[in-house]
Amino acid sequence: MLKAPRGTMDILPKNAARWHFLEDTFKKICYSYGYQEIRTPIIEQTELFQRGVGESTDVIEKEMYSFQDRGGRSISLRPEGTAPVARAYIEHKMYNLPQPVKMYYYGPMFRYDRPQAGRYRQFYQLGVEALGAADPAIDAEVIMLAREFFLEIGLDDLVLQLNSVGCPECRLSYREKLVSFFQQHEQSLCSDCQRRLMQNPLRLLDCKKEKCGFIAQKAPVIKDHLCLSCREHFDSLLHSLDALKVPYELNTQLVRGLDYYTKTAFEFIEGSHKSQNSLGGGGRYDCLVETYGGPATPGIGVALGVERILMALESKNIEEKLPENAGIFVAVAEHSLSNIRWELVYALRRKGFYVDTDFLGHRSLRSQLKTANKKGFPYLIIIGPDEVKRGNITLRNMKSGSQEEVSMEKLSVYLSSLMGERPEEGC
Ligand code: AMP
């Protein structure tokens with residue numbers, strides 16, 4: 001039997017409303033914060049991620065879905081959303097627009113990772129990016145936006161963890177300290193960390209292997225090596241969050257998995273000690289646009305993992321505000337009345353009602369009624385020969401079981417008065 005590829009899943013119609021709930025809530029909040037949608041391609045040139053995300057990161061080393069297209073170009077499925085947005089910012093000269101340019105995105109990302117609960121090969125991210133502002137106030141805004149989203153959907157006990165990973169300047173001296181610290185423990189490090197030690201020692205701080213984590217706990221912390229500008233930036237952010245009464249924890253080990261981060265790095269963590277407990281994270285990337293040949297442009301963003309958010313909602317038994325079936329099912333008492341049924345179905349749909357009917361051949365009225373009931377329709381229209389002669393139909397309220405004859409002429413107006421909507425008159 002053919003199955004969805006390992007690490008991917010179907011979003012079934014019965015679950016689609018949950019996804020819409022998250023998407024709609026996110027869009028609503030982005031709108032109120034002044035972020036506009038950007039949609040970038042799912043495929044990009046492989047080089048975009050190599051240069052931006054960093055050659056020695058897990059994402060680039062082991063997790064990219066890359067292939068040669070028929071023209072011999074190396075193409076990758078996007079593993080994340082920031083690099084494509086930075087590319088689009090340069091390509092469309094958005095640096096000429098009033099700054100900062102505030103954008104949000106939503107879509108699937110791809111990483112060839114070992115699948116497990118909360119870790120997929122295709123997963124969805126909701127994210128925002130603000131390019132063109134260096135002020136720590138925009139770091140606070142991005143964090144507030146994500147926090148507002150979590151609160152709005154009912155996740156009010158996430159822990160916001162914060163760190164500063166400094167800038168290339170302060171990282172230079174910190175890097176040396178880190179290398180000499182880890183060199184003392186080289187033999188005890190995992191093979192990945194041994195290999196990365198010279199290439200990218202910062203990565204060793206968030207290695208998930210227990211023995212490396214244990215060693216990393218004693219490593220020098222970047223907080224003690226920040227330059228004046230990075231320290232002031234971080235202090236100012238903490239000050240803004242304090243003023244906004246946003247609780248946070250400082251985590252000196254938090255470096256995030258992607259190389260482009262500078263200064264602020266943050267994550268929203270589920271309190272439980274599950275392994276995949278980061279529901280979203282982000283940070284500042286002040287050198288990324290320049291790396292791609294654009295003008296020096298600071299930036300900050302956050303990406304939230306939809307599957308993990310849904311899992312967190314489920315584990316807390318939080319009922320999303322799902323829309324009820326607010327539709328009308330049209331049943332026919334006799335097959336000869338079918339033409340009237342189609343006319344009515346399409347006319348009501350044109351008025352904006354949600355209308356469905358039976359497609360399983362000439363079934364008895366009883367069977368059609370059963371289907372309407374199972375699908376949760378609150379109203380049923382029955383087209384019967386006697387009523388039709390009078391220009392009427394029977395309208396049944398499925399909850400109360402009461403029914404009445406209504407003229408076809410006035411049906412849509414009557415329905416909208418019942419259902420609280422007001423489509424145009426005459427049906
Ligand atoms: P990142 O792009 O690595 O900063 O991740 C941001 C968020 O995306 C994480 O906090 C997770 O919620 C989610 N995420 C990252 N990788 C995966 C994955 N493989 N499967 C599901 N969610 C993921």
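A polar contact is a pair of N or O atoms within 3.5 Å. The model described here is predicted.

In one, an oxygen atom of the ligand is 3.2 Å from a polar backbone atom of L279. In the other, a backbone N or O atom of G280 lies 3.1 Å from an oxygen atom of the ligand. The ligand on its own has 480 Å² of accessible area, and the protein covers 93% of this.

The shell around the ligand holds 13 residues. Those that come nearest are R111, Y120, Q125, R256 and S278. By class, the shell contains five polar, four nonpolar and four charged residues. Three strands each supply at least two residues of the shell: β6 (122-131), β10 (278-284) and β11 (299-305). Strand β10 gives the most, with three residues.

The lining consists of 16 residues, and R171, R175, N200, L202 and D259 are the closest to the centre of the pocket. Helix α6, which spans residues 168-183, gives the most to this lining, with four residues. The lining of the second largest pocket divides into eight nonpolar, five charged and three polar residues.

Across the whole structure, the search finds two cavities of 30 Å³ or more. The largest cavity has a volume of about 40 Å³. Lining this cavity are L162, N163, S164, K223, L226, F234, L250, N251 and T252. Strand β7 (residues 159-164) gives the most to the lining of the largest cavity, with three residues. By class, the lining of the largest cavity has four nonpolar residues, four polar residues and one charged residue.

The second largest cavity has a volume of about 30 Å³. The residues that line this second cavity are I38, T40, R78, G81, V85, Y105 and M109. Four residues of this lining are nonpolar, two are polar and one is charged.

Charged side chains were examined next. Side chains of opposite charge can pair when their charged atoms come close. A search of the whole structure finds 25 salt bridges. One of them joins the side chains of E152 and K28, with an N to O distance of 2.8 Å. This pair links distant parts of the chain, as E152 and K28 are 124 residues apart. E152 belongs to helix α5 (residues 136-153), whereas K28 belongs to helix α1 (residues 13-33).

Two backbone features fall in one loop. P100 is placed in the loop between α4 (82-91) and β5 (101-110). The peptide bond that leads from Q99 to P100 is cis, and its omega is near -5°. K93 also has its place in the loop between α4 and β5. The phi of K93 is near 50°, a positive value in a residue other than glycine.

How values were computed:
Residues numbered from 1 in each chain as written. Predicted model: local features only at pLDDT ≥ 70, side-chain atom pairs only at ≥ 80, totals over all residues. Heavy atoms only, no water. Near = heavy atom within 4 Å. Polar contact = N/O pair within 3.5 Å; in protein donor to acceptor, adjacent residues only side chain to side chain. Areas by Shrake-Rupley, 256 points an atom, 1.4 Å probe, with all protein chains shown as cover. Nonpolar A, V, L, I, M, F, W, Y, C, P; charged D, E, K, R; others polar. 1 Å grid on protein atoms, 1.4 Å probe; cavity = no way out; pocket = protein on both sides within 12 Å on 5 of 7 lines; lining within 4 Å. Points joined across faces, edges and corners; volume = space filled by probe spheres on them. Salt bridge = Lys/Arg side-chain N within 4 Å of Asp/Glu carboxyl O.
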